[in-house]
Amino acid sequence: TTWKTGPCRACLKGAKAMAEQQKLLFVAHCILNTASKVVMYDTEEMAAEEALRRRVVHAATDAGVMLVQLPCPEFTLYGSRRWGHVSNQFDNPFFRAHCRGVLGTPLLELEEYLQNPDRFEVLGFLGVDGSPSCGVKYTCTGPWGGNLGGRDDLPEVVADVQLVPGRGVFFDELEGLLQEKGLALKLEGLFAPEPGRAMGMLGL
């Protein structure tokens with residue numbers, strides 16, 4: 001049996017985009033691979049983030065915007081069974097050095113794209129707000145640390161996490177490396193209460 005199918009409209013649009021100047025957006029690892037995220041139990045909060053994540057990925061695909069995946073510094077250091085963390089736990093020279101290390105290859109990719117402006121337009125970087133690593137406008141802090149056993153105030157400590165203005169550690173190091181290279185690129189965050197910020201990175 002011979003099957004005859006025509007190219008879909010999105011495929012034609014994508015092929016046309018490849019023949020012209022291509023737009024690229026560097027994104028936090030979990031925007032394309034949620035399996036890398038720490039296990040979350042607030043289903044309502046995660047549902048809102050997931051809905052926006054899918055909206056952004058689908059819109060990028062439809063618009064012919066290429067998504068370049070950054071590494072996840074938490075997964076590459078602690079794996080999939082890690083505890084959740086807050087940004088002040090990661091704010092140490094060891095984790096910052098790890099962030100810089102895993103950013104080496106992606107920044108070389110970035111430089112290659114920027115050296116060929118006739119073929120590529122880099123739109124910037126999209127992180128995930130609230131993340132201790134990839135927050136852009138917001139990150140999280142709290143008095144976490146030490147052994148969990150033997151504490152009688154554990155529920156209070158866990159609950160004392162705050163969403164605060166500021167960069168996550170990974171994106172803070174990313175911004176520093178960009179400045180060292182003299183590169184001015186936009187950094188924005190995926191944040192369900194403010195969906196226009198992420199969609200705006202696609203020009204939508």
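## An aromatic cluster

Phe26, Tyr113, Phe120 and Phe125 form one aromatic cluster, where rings of Phe, Tyr and Trp (its six-membered ring) are paired if their centres lie within 6.5 Å, and planes under 30 degrees apart count as stacked, over 60 as edge-to-face and the rest as tilted. The model is predicted, and local features need pLDDT of at least 70, while side-chain atom pairs count only at pLDDT 80 or more and totals for chains, interfaces and linings use all residues. Residues are numbered from 1 along each chain as its sequence is written, and side-chain values use heavy atoms, with hydrogens and water left out.

By the ring rule the count comes to seven aromatic pairs. One of them is the edge-to-face pair of Phe26 and Tyr113, with 6.4 Å centre to centre and 70° between the planes. This pair links distant parts of the chain, since Phe26 lies in strand 1 and Tyr113 in helix 7, 87 residues apart; helices (H or I, at least four residues) and strands (E, at least two) are DSSP runs, numbered from the N terminus. Both Phe26 and Tyr113 are buried, a word that stands for under 20% relative accessible area, with exposed meaning over 50% and partly exposed in between (1.4 Å probe, protein chains only).

Phe170 and Phe171 also form an edge-to-face pair, at 6.1 Å centre to centre and 65° between the planes. Phe170 counts as buried because its relative accessibility is 0%, and Phe171 counts as buried because its relative accessibility is 0%.

## The two sides of helix 7

Which residues of helix 7 are buried? In this helix, which runs over residues 104-114, they include Pro106, Leu107, Leu110 and Tyr113. These four cover an arc of only 115° around the axis, so they are on the same side of helix 7; the arc is that of the directions from the helix axis to the C-beta atoms. An α-helix has 3.6 residues a turn, so residues three or four places apart point the same way.

On the other side of helix 7, Thr105 and Leu108 are exposed. The buried residues of helix 7 pack against strand 1, strand 2 (65-69), helix 6 (93-102), strand 3 (120-128) and helix 9 (169-180), with contact meaning heavy atoms within 4.5 Å.

## A residue in a loop

Glu20 lies in the loop between helix 1 (9-19) and strand 1 (22-27). Glu20 counts as partly exposed because its relative accessible area is 46%. From C-alpha to C-alpha, Glu20 and Gln162 are 45 Å apart in space, and they are 142 residues apart in sequence.
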